[in-house]
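The following paragraphs lead the reader through a single protein model, from its overall features to individual residues. Please keep the structure in view while reading.

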Amino acid sequence: MLRFVLLFSFVFFTTISVFSQKIQGKVVDKNQNPMEMASVMLLDAKDSSLVSFVSTTSNGVFEIKEVTKGNLLVQITYLGYENFWNKLTFEGNTIELGTIVLKENTKELQSLVVSDYGSPMEFGKDTVTYNAAAFKIKAGDVVEDLLKKLPGVEVERDGSVKAFGENVQNVLVDGKEFFGKDTKIATKNLDADAIEKVQVFDKKSDMAEFTGIEDGQDERTINLKLKPGKKAGYFGTAELAGGTSERFKGRASINRFSPKSRISFIGLANNINEQNFSMEDYISFMGGIGSMMSGGGMNINLGENGGLPMGLINNQGVQKSFAGGLNYAKDFNKKTSLVGSIFINDFFNDLNKNVSRENFLKDASYWSQILGSQNSNNLSTSFNLKLTSKISAFQNVIFRLDGGLGSNRLNSVSSDISLRTDNSKINENDAIYNISGNNYRLNPDLTYQQKFSKLGRSMVLKAKTKVNHTDNNADLDAKYAFYSDQITTRKILQNQQSANEGVSYELNAAYIEPFGKKRYLEFSAGMDDQNNKLNTDFFDVINEALIYNLNLSTWYNRDYINRKTGLKYSSTQTKYNWAAGFRYENSFLKGRINNENTNITNTFNAILPELYYNYEFGNGHNFNLDYNTDMVEPSLIQLQPIVNNADPLNIYKGNPSLSNEYKHNLSMRYLKYNAFEFRMFYASFRAGFTQNKINNSINIDEFFVRTVSPVNSKNEQSGSGRIEYSTPIKPLKLKTKITLRSNVSNGFSLINDVWNQTTIFGKGLNFSIENRKKDKVDVLAGIRYYRSDSRYSENTNLGQFYTETTLFVEGSLNIGENVILKTNFDNVSYQQSFSKDHVNVPLWKTSITAFVDKSKKLRLTAEVFDILNQNKGISRNSNLSYNEISRTNVLGRYFLFGLSYNIKGFKKMNGIEIKMGDRD
């Protein structure tokens, strides 16, 4: 397979068209000196859309091949020179433009800005701007569809976005936040037709924006600039669909904008496992359940990965979502602005799970078979607000507030059996577990920024508070059996209650003093105090009465105080900027166990160095190095020195003597992107080293009962690398991308008092190819391959490997002006050494859209999911102490039929005019 891919890549990369017609010429200055890297763009004269573009060679020569017949525009640009234009008609013969002399621009240019004829791109010092009008879109397209057409911007198959090789972390609308930092809400819900420009830049931190001093905390950001005519009025989309097996989908995005305010509504309802937003609140809640249930609950949740009762991988289970939100932005004046949003999510999941797990001992292993079904519901509300006020030219105040509240429930039925290698039983249990809970959080944050009369001198003060509360009530009905010479059984009927209250505050101050030309010293100091009160009450149910269980119930109070001071030197130059410094942290832990009147104290100290360096070779060509260290304290549950044996097969005990982890992180990134050739090379390397890593110590007795306790293990190391190269094959009008990636990690686990070193190697290859001209046909095909190998120092005969190979094809076809056909096919193949099963999952989806009238205001849609009815929910998980394969229920084949329409009403000279679906 790999040989085929490499041969296929080589053929395409070396293909040359000798017989193609072309447009060619040479670019020089007034002294006849060749001008290298001048930008030569070929535009369609009818609508100024981009046809092709190239850069001149070191001799100033250019040639554009495979030109389509018709009326065209040739545009040549070079920084500091006037633009050159030439109109021509191409009839199939080679056109020789001869020697073209560019005239110097007498005006000083800070950036290259080309606005004539709807030029596709503009390059500034820190920003790349795309003119949306130069990239053809279809009626009904959302922002995600537009981004897929922009050179240097990639939309991954999960909806995440990359720009020039880096993950996009913010999507703004006219410079304002849109539903916080959830990038998919904007890209999947806003109409592409409303966008005038797409700007890509690295957003600086609040402090760097105010002081002008780089701090290495940039975030790759996309800003969607609306068309002038779309800034006052209404626009949006609504759709509704229903189908077989009672499947349904609904979505609405309605926006009301004015010059000084903006309000947006989005809504979503479906039972087809679609979420166009993040699941942060839900995951946060389930962490709350995990923190309560270190025994029975974690075991019942079928795994040790956080205990999520839902399948975030491969859309496991059958999920149903109802969600809606409002986003509001207001400019009160030039100095004060407000951005806020609220989002409500009601999420349901039905999950059936079958897990086969191989557990490792020192020189042997045993098997566990876990069957379970879970039904869960999470109703959550989250909100965020940002108020910015410029008190004066020298003072800023920023107030942030975010929080949320929710109610949740989980009902679980499970069966767990452990087997020896001869299939004889070791132990087994059957359990019914029901839990419900409530939670809330509130996090206000205030920042004050002050500049002084001396250029570069500034001060920043920050204050932050966090308040959170979680309470849960659970019922456990379980039966256990242990097999030896005779069978020993045990039954547990129990009510479990917990409440976790947390209050913390954080104060930080930074003072920056200029130290020579564009050089600065930063002094910082801070303190945070985290207080937690955790109560867990266990009641045995005897004759329908609740009898308090003193041995399992605990009350634990924790006060964690962290003090830090730091010094950093930074330099900001034209081509490069760098910073180096350190901070000293002193942490003090004080805990108290109420029922035992036991005090726990611990002190941690660390010096944490950091280094940041960035060099800009030119537009789209840079190198970045980042080294930082961190001290990670043990969690509340890890420190609690109480034995929890609510689940007799999985006993948990905290460790109050744990030390902090000390983490070193190093990353290097190199990017070279030629926007005029659509060619990109990206390389990255990341390494991590953790001292005093917190891992679990596992003791397994003769009945294979597991007793788990956190311990500081030996040092752990990890590393990963990635190389990505994409380039067009112009003679074939194709674009290819190949990615090589690898990773290695080295960790330790303590099993029955024996340290076992685990080394995991991973390597992967991604290759894709797609057509460049997408007016009628858009096709993407490729392969993804990954292999992981695990080796164990104490279990050398238990070395494992795992491979996953995916072949994929997706495409769309425009049939005339009113019909669009889309299809998507994935074939995923799994193979692993610890199972004889070779799993193959072909998944094929297709849809058709038809506009029913000339104005294209109304669309009819039909789609089929899993045409072959072969979808399977299979995932593999590796841990230092086990390997497992999990099979879950998933959605099977279904059909959906629906309709959607666009709403547009923009302000005219004489008022508001409502339009449906037509483009301005």
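The protein exposes about 42200 Å² of surface, and carbon and sulfur atoms supply 54% of that area. The model is a predicted one. Of its 920 residues, 50% count as buried. The secondary structure consists of seven helices and 50 strands. When contacts between residues at least 6 apart in sequence are taken together, 64% of them join residues at least 24 apart.

The mean pLDDT of the protein is 80, and 82% of the residues reach 70 or more. Over residues 1-20 the pLDDT is below 50, and this stretch has 26 contacts in the model beyond near neighbours in sequence. Residues 908-920 likewise stay under 50 in pLDDT, and for them the model has 32 contacts beyond four places in sequence. Among the elements, helix H6 (residues 296-300) has the lowest mean pLDDT, at 30, whereas strand E28 (residues 545-548) has the highest, at 93. Where pLDDT is low, predicted coordinates should not be read in detail.

Which residues does Leu224 contact, leaving aside its neighbours within four places in sequence? They are Val143, Val171, Leu172, Val173, Asp174, Leu190, Ile195, Lys197 and Val198.

Because seven of its 10 residues are buried, strand E18 is largely enclosed by the rest of the structure. Strand E17 (residues 233-243) pairs with E18 in the antiparallel sense over 10 bridges, and Ala238 stands opposite Ala252 in E18. The hairpin of E17 and E18 has four residues between the strands, and in this hairpin Ser245 takes a positive phi near 55°. E18 also pairs with strand E19 (residues 261-270), again in the antiparallel sense, over nine bridges. In that pairing Ala252 stands opposite Gly267 in E19. A hairpin joins E18 to E19 through three residues.

Most residues other than glycine have a negative phi. Asn692, although not a glycine, has a positive phi of about 55°. Asn692 is placed in the loop between strand E36 (679-691) and strand E37 (694-700). Is Asn692 buried or partly exposed? With a relative accessible area of 35%, Asn692 is partly exposed, because that value falls between the limits of 20% for buried and 50% for exposed. Asp866 also has a positive phi of about 55° without being a glycine, and lies in the loop between strand E46 (858-865) and strand E47 (873-879). Asp866, however, is buried, with a relative accessible area of 1%.

Leu361 lies in the loop between strand E21 (336-360) and strand E22 (365-392). Its relative accessibility is 15%, so Leu361 counts as buried.

Strand E41 (residues 754-771) contains Thr759. Thr759 has a relative accessibility of 17% and therefore counts as buried. The side chain of Thr759 is joined to that of Asn746 by a polar contact of 3.4 Å. Not counting residues up to four places away in sequence, Thr759 touches Val744, Ser745 and Asn746, together with Asp789, Ser790 and Arg791.

Definitions and conventions
Residues are numbered from 1 along each chain as its sequence is written. Side-chain values use heavy atoms; hydrogens and water are left out. pLDDT is the predictor's confidence in each residue, from 0 to 100. Helices (H or I, at least four residues) and strands (E, at least two) are DSSP runs, numbered from the N terminus. Contact means heavy atoms within 4.5 Å. Buried means under 20% relative accessible area, exposed over 50%, partly exposed in between (1.4 Å probe, protein chains only). A polar contact is a pair of N or O atoms within 3.5 Å; within protein, one must be able to donate a hydrogen and the other to accept it, and residues adjacent in sequence count only if both atoms are side-chain atoms. Two strands pair if DSSP finds at least two bridges between them. Accessible areas come from the Shrake-Rupley method with a 1.4 Å probe; for residues, only the protein chains shown count as cover.
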